[in-house]
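Welcome, and thanks for taking a look at this one with us. Have the chain open beside you as you read.

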Amino acid sequence: MSGFAELGLSSWLVAQCRQLGLKQPTPVQLGCIPAILEGKYGSVVAGCAKTGSGKTAAFVLPILQKLSEDPYGIFCLVLTPTRHGGPGTGALPETTCGHRHTRAPGRSPAQLQHF
């Protein structure tokens, strides 16, 4: 398995990964990070993996890198199911580096389970 540097991440992000204890990329990170950085598929990338597999880092790391290169040249829309990224989960802060994050209203987890 390759390291984060081989995925095309900047050295400062690789150092941050190391400091956070992320030693090797997970399969979802191996699949998504290079594709996002290269702009494959028109930069529309979907990653599907189990909880705890590193999906958040798979999209956040390339977004941070692109923002560091050109803070005005990126638009990002991250969609997550209510059960994982909804209010109260803390998956994304409401504001980061002057950028606003919002959550679209939707069904509650209880409603989702009663189709």
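## Overall layout

Read along the sequence, the protein runs α-α-α-α-β-β-α. That gives five helices and two strands, where helices (H or I, at least four residues) and strands (E, at least two) are DSSP runs numbered from the N terminus.

Before going further, a word on the basis: this is a predicted model, in which local features need pLDDT of at least 70 and side-chain atom pairs count only at pLDDT 80 or more, while totals for chains, interfaces and linings use all residues. Residues are numbered from 1 along each chain as its sequence is written, and side-chain values use heavy atoms, with hydrogens and water left out.

## Surface and contacts

Of the 115 residues in the protein, 23% are buried; buried means under 20% relative accessible area, exposed over 50%, and partly exposed in between (1.4 Å probe, protein chains only). The accessible surface of the protein is about 8,300 Å², and 58% of that belongs to carbon and sulfur atoms. These areas come from the Shrake-Rupley method with a 1.4 Å probe, and for residues only the protein chains shown count as cover.

Contact here means heavy atoms within 4.5 Å. Among the contacts in the protein with a separation of 6 or more, 51% are between residues 24 or more positions apart.

## Helix 2 against helix 3

Helix 2 (residues 27-38) packs with helix 3 (residues 55-69) at an angle of about 25 degrees, their axes 9 Å apart. The two helices are therefore roughly parallel (angles under 35 degrees count as roughly parallel, over 145 as roughly antiparallel, 65 to 115 as roughly perpendicular and the rest as oblique). Axes are lines fitted to C-alpha atoms, for helices over the stretch in contact, and angles run from 0 to 180 degrees between N-to-C directions.

Helix 2 contributes V28, Q29, C32, I33, I36 and L37 to the contact, and helix 3 contributes K55, A57, A58, F59, L61, P62, Q65 and K66. These residues divide into 10 nonpolar, two polar and two charged (Ala, Val, Leu, Ile, Met, Phe, Trp, Tyr, Cys and Pro count as nonpolar, Asp, Glu, Lys and Arg as charged, and the others, Gly among them, as polar).

## Two residues of helix 3

Q65 lies in helix 3 and is buried, at a relative accessible area of 6%. Beyond its neighbours within four places in sequence, Q65 touches G8, L9, S10, W12, L13 and L37.

T56 also belongs to helix 3, but T56 is partly exposed, with a relative accessible area of 41%.
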